[in-house]
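User: I am new to this structure and would like to learn how to read its helices, one feature at a time.

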Amino acid sequence: MTTNLSSRRAVLAGLGGLGVAGLGGCVTARPASPPLAAPPLVAPPRPRFVTPPLAPIAMRPDRITKITVCLRPFREAGPRLDVERVGDKRVVHNYGHGGSGWSLAWGSSSIAAGKALEGGTREVAVIGCGALGLTSALLLQRAGAKVTIYAADRTPYTRSARATGTWSPDSRIADADKVDAAFPALWDQMARTSYAAYQTYLGLPGDPVQWTDRYSLFDAADTTPPPLDPALVAPDREGQPDIRFFEAALPGLAPRSHALSPQEHPFAAARARMGVGMQFNVAELAHLLTSDFLREGGRIETMTFHTPADLARLKEPVVVNCTGYGARALWNDRTVTPVRGQIAWLAPQPEVHYGVYYRHVTVLPRPDGIVVQYLGQSDMWGYGLDEEVPSRPEAEAAIATIAPLFAAASPAA
Ligand SMILES: Cc1cc2nc3c(=O)[nH]c(=O)nc-3n(C[C@H](O)[C@H](O)[C@H](O)COP(=O)(O)OP(=O)(O)OC[C@H]3O[C@@H](n4cnc5c(N)ncnc54)[C@H](O)[C@@H]3O)c2cc1C
């Protein structure tokens with residue numbers, strides 16, 4: 001960079017010298033008009049682009065504001081999207097999205113809404129008010145249906161409200177060995193439809209969806225960081241069948257990351273990559289979807305269903321079942337497996353605009369707090385665990401893992 005700038009200056013200076021010599025010759029011969037002000041010999045340097053410094057994240061346990069736990073509704077075969085008849089109701093299922101419920105919501109719900117409207121129905125009940133229920137209800141309503149959501153909980157008390165909030169369309173969405181041949185294309189369609197829908201939520205007040213820089217940091221080229229001390233975290237199912245969770249590429253969709261040189265980042269890590277990630281600010285997003293639905297004429301009723309037969313209570317002939325993990329009990333669907341995940345929330349830092357991943361811990365800056373989450377050594381972390389009790393030691397261990405990255409930012413360093 002310096003060399004280029006220097007040589008550019010040298011070229012400019014050389015041309016300037018020629019100009020002076022030529023002008024000097026003219027002046028000596030015969031001034032045709034009053035002498036003009038001499039042009040600058042060297043073009044003024046342009047201001048350089050400067051990368052703003054990154055605000056440090058205050059990674060301390062005394063900043064924990066709350067710890068939340070939630071269960072991913074995982075199904076080996078992928079989300080359930082079939083149609084069945086229960087009494088006089090036609091039920092369209094839309095549950096079982098693992099760790100991808102927000103990411104795939106619009107795509108999955110557009111499939112479910114299409115099935116619900118087959119036959120010309122115009123009155124539809126949606127059960128559930130999480131990511132899948134809200135998007136189903138909005139899509140149905142915008143297609144002209146009269147929609148009521150019936151749910152035991154609504155925002156901010158659903159499991160969806162406790163999600164990390166990142167674009168993760170292949171997180172625990174299915175077992176790659178158990179899906180049918182049509183699933184990869186279906187998944188691709190769901191992901192692309194959702195991705196496009198979320199682009200329309202960018203730049204809105206409160207940033208319900210935004211892009212944030214992400215730094216992935218590694219100790220050394222080929223070392224796998226150790227897991228957190230097992231004594232400090234909720235029990236894991238190590239040794240359980242190692243499900244190969246569905247993974248596939250979405251070519252040409254989201255931006256890719258790139259390697260950084262040590263001069264390009266402030267973190268004390270051997271290697272770093274940087275990319276941008278789509279972030280769902282779930283509190284704002286769920287609130288916006290709920291208020292859009294109500295403003296556009298939808299209704300929400302608090303109601304709990306104990307068996308499918310309870311659907312007989314509803315006046316609507318078509319029901320979209322978006323009960324997430326609740327479907328395991330309501331529909332007695334034992335193919336829904338819980339995958340526990342926990343978030344430690346640190347007090348918000350509005351000046352932080354980037355996320356970090358290091359040693360299996362991910363950190364995201366959300367308006368409602370800094371999300372710190374231990375992800376485990378693999379997607380099997382939390383598999384089969386159905387308890388939602390927060391673990392303070394797990395939260396503190398995750399914070400302690402990330403804290404050294406910011407040690408250099410402390411005044412004492
Ligand atoms: C720690 C963690 C982090 C996550 N992070 C992300 C992420 O970053 N990105 C992402 O895409 N996904 C993420 N997920 C996954 C995501 O949270 C889920 O896939 C999503 O919440 C599922 O949404 P849902 O609408 O199906 O279910 P829910 O949000 O659980 O909603 C179910 C609704 O149905 C209602 N209900 C259930 N049973 C009944 C009943 N019997 N009677 C009446 N009502 C009932 C509930 O009250 C609720 O309103 C994460 C999950 C966890 C655990």
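This is a predicted model: local features need pLDDT of at least 70, side-chain atom pairs count only at pLDDT 80 or more; totals for chains, interfaces and linings use all residues.

User: Is helix H3 buried or exposed, and which of its residues are buried?

Analyst: A residue is buried if 20 or more other C-beta atoms, placed from the backbone, lie within 10 Å of its own, exposed if 12 or fewer, and partly exposed in between. In H3 (residues 131–142), 10 of the 12 residues are buried, so this helix is largely enclosed by the rest of the structure; among them are Ala131, Leu132 and Gly133. What covers the buried residues of H3 includes helix H2 (101–117) and helix H5 (282–295).

User: How do H2 and H4 cross?

Analyst: Two packed helices are described by the angle between their axes and the distance between the axes. Axes are lines fitted to C-alpha atoms, for helices over the stretch in contact, and angles run from 0 to 180 degrees between N-to-C directions. The axes of H2 and H4 (residues 183–199) come within 6 Å and cross at roughly 110 degrees. H2 and H4 are therefore roughly perpendicular, a word for angles of 65 to 115 degrees, whereas under 35 counts as roughly parallel, over 145 as roughly antiparallel and the rest as oblique.

User: Which residues of H2 and H4 meet?

Analyst: Contact requires C-beta atoms, placed from the backbone, within 7 Å. Trp106 is one of the H2 residues that meet H4, where the partners include Met190 and Arg192.

Technical notes
Residues are numbered from 1 along each chain as its sequence is written. Helices (H or I, at least four residues) and strands (E, at least two) are DSSP runs, numbered from the N terminus. Two residues are in contact if their C-beta atoms, placed from the backbone, lie within 7 Å.
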